[in-house]
Amino acid sequence: MATEGAAVATTEATDLENLVTNLEIVNSTPGNEQGADPPENTALPDDDPDNVSPADASLLRKIIRKGLVESKYDLEIQRKDPTSPLYSVKRFDALRLKPELLKGVYAMGFNAPSKIQETAVPTLLAQPPQNLIAQSQSGTGKTAAFVLAMLSRVDTSVNHPQVLCLSPTYELAIQTGEVASKMAAFCPDIKLQFAVRGEEIARNTKLTCHIIIGTPGKILDWGVKFRAFDLKKIRVFVLDEADVMIATQGHQDQCIRIHKHLPKDCQMMFFSATYEPQVMEFAEYIVENPMIIRLRREQESLDNIKQYYVKCRNQEEKYQAIQNIYGVITVGQAIIFCHTRKTASWLSSKMSKDGHSVAVLSGDLTVEQRLCVLDRFRNGLEKVLITTNVLSRGIDVEQVTIVVNFDMPMDKSGDADCETYLHRIGRTGRFGKNGIAINLVDSDKSMDICRTIEAHFRKRIHLLDAENVDEIEKIGS
């Protein structure tokens with residue numbers, strides 16, 4: 001596949017990999033052409049709840065995935081016509097792909113479709129083209145699904161843009177481009193162009209590429225302001241990371257402006273990691289008569305995770321509880337979740353002084369620094385990872401046996417955040433193994449949160465006396 005442009009001037013996938021490996025998150029002003037808000041974490045005091053920008057979090061989850069996640073969730077599928085046949089495939093060679101494209105799929109290590117790909121890909125490749133809204137967690141194969149559809153729809157006999165793929169930031173666009181480059185490694189006739197920060201075109205230029213992957217502001221400039229390509233000739237429109245797009249100032253309006261210039265018969269593909277009401281409202285504005293594929297989130301099982309809470313009076317007693325548990329049971333690796341950077345830093349200092357091998361992951365680190373911390377933890381160089389909600393989801397480490405909620409998860413209103421709790425304690429009990437989740441409760445409010453979570457999941461959270469050696473021994477057996 002040919003790749004045009006100054007920022008990415010080579011056709012080789014390895015160069016794109018280097019681009020992704022060496023990325024730095026660039027702060028930008030709201031609504032500019034690279035379309036990224038200033039990261040939320042830059043202005044946060046250490047004692048405020050720690051967060052990273054949605055785009056940074058999404059990029060981190062994409063990069064840390066070492067392969068496809070085997071999803072435990074069933075799919076929920078909604079169709080305009082429930083009587084029409086629903087096709088799914090168990091093998092990529094059943095899709096009647098071009099041989100060169102099939103070769104690229106296999107070369108990437110995709111031996112069989114993931115759960116969401118089984119249904120999404122046949123829908124995306126069907127004739128006449130069908131519109132799709134898909135929601136699925138990072139790592140389940142969403143990007144590969146829509147990239148395969150993008151590449152399949154290209155007519156290389158005509159040299160003008162036919163496929164438009166929007167990502168919220170430069171970094172996420174490059175990630176999609178890396179997948180496209182690898183998958184089209186044996187399709188040299190397909191030409192791709194990045195419309196991102198650093199890519200410039202001269203006035204009166206007419207683009208001859210087949211696929212444009214970029215950010216909304218830059219694509220709006222090229223298509224409407226400079227008329228470098230004809231939006232009326234776009235056959236496929238992909239909107240990726242829609243939940244991040246909505247959270248980024250200005251992008252929603254830019255996407256709607258682009259959408260208004262597209263032809264009525266343009267195939268619409270809309271992908272999001274979440275299924276919040278504002279995401280679906282946006283999706284239904286963009287995508288007419290779609291098939292909707294989403295994961296049934298409530299089917300997550302906590303059966304192999306033992307859950308406990310420990311009553312404490314203050315932060316020092318919380319720390320003592322951790323020390324007591326470490327002194328009695330054998331812990332492989334542990335992840336401890338804190339609400340603020342200040343608490344994470346304090347806890348790290350205390351544990352390090354007491355001889356524990358500790359790493360800290362918080363929102364003030366760059367993506368590269370976070371990846372370095374995660375790699376060290378994965379390789380067992382540190383036994384304890386202290387983190388904020390930067391890492392409530394998206395990492396699988398087989399050796400993690402205990403998750404500790406040093407602070408109970410709460411939303412912006414101070415109420416119990418059940419979804420974050422699920423993602424946090426889901427870091428243990430991976431790969432079918434048993435895990436332990438310990439919640440440190442130091443106030444009536446945190447006790448209320450614990451009870452709300454218990455009622456939500458209908459799973460008992462048992463009281464643990466962290467001063468009783470016999471009780472602690474039982475949880476480790």
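## A look around a predicted model

Let's start with helix α14 (residues 418–425): seven of its eight residues are buried, so the rest of the structure largely encloses it. Here "buried" means under 20% relative accessible area, "exposed" means over 50%, and "partly exposed" is in between, using a 1.4 Å probe and protein chains only. Helices (H or I, at least four residues) and strands (E, at least two) are DSSP runs, numbered from the N terminus.

Keep in mind that this is a predicted model: local features need pLDDT of at least 70, side-chain atom pairs count only at pLDDT 80 or more, and totals for chains, interfaces and linings use all residues. Residues are numbered from 1 along each chain as its sequence is written, and side-chain values use heavy atoms, with hydrogens and water left out.

Back to α14. Its buried residues are C418, T420, Y421, L422, H423, R424 and I425. And what covers them? The cover includes the strands β10 (305–311), β11 (333–337), β14 (400–405) and β15 (435–441), plus helix α15 (444–457). Contact means heavy atoms within 4.5 Å.

Next up, helix pairs. Two packed helices are described by the angle between their axes and the distance between the axes. Axes are lines fitted to C-alpha atoms, for helices over the stretch in contact, and angles run from 0 to 180 degrees between N-to-C directions. Angles under 35 degrees count as roughly parallel, over 145 as roughly antiparallel, 65 to 115 as roughly perpendicular and the rest as oblique.

| Helix pair | Axis angle | Axis distance |
|---|---|---|
| α4 and α5 (residues 142–153) | about 20° | 9 Å |
| α11 (residues 315–328) and α12 (residues 341–353) | roughly 45° | within 12 Å |

α4 and α5 are therefore roughly parallel to each other. On the α4 side, the contact is made by I116, Q117, V121, L124 and L125, while α5 brings K142, A144, A145, F146, L148, A149, S152 and R153. Sorted by class, that contact has nine nonpolar, two polar and two charged residues. For these classes, Ala, Val, Leu, Ile, Met, Phe, Trp, Tyr, Cys and Pro count as nonpolar, Asp, Glu, Lys and Arg as charged, and the others, Gly among them, as polar.

Which residues does a cis peptide bond join? The pair is Q127 and P128, with omega at about -5°, and P128 is found in the loop between α4 (115–125) and β3 (132–135).

R96 isn't a glycine, yet it has a positive phi of about 55°. R96 is found in the loop between β2 (75–78) and α3 (99–107). Is R96 buried or exposed? R96 counts as exposed, because its relative accessibility is 80%.

N204 isn't a glycine either, and has a positive phi of about 70°. N204 lies in the loop between β5 (191–195) and β6 (211–214) and is exposed, with a relative accessible area of 74%.

One last stop is K225 in helix α7 (residues 216–225). K225 is exposed at 56% relative accessible area. The C-alpha atoms of K225 and R203 are separated by 10.0 Å, and the two residues are 22 residues apart along the chain.
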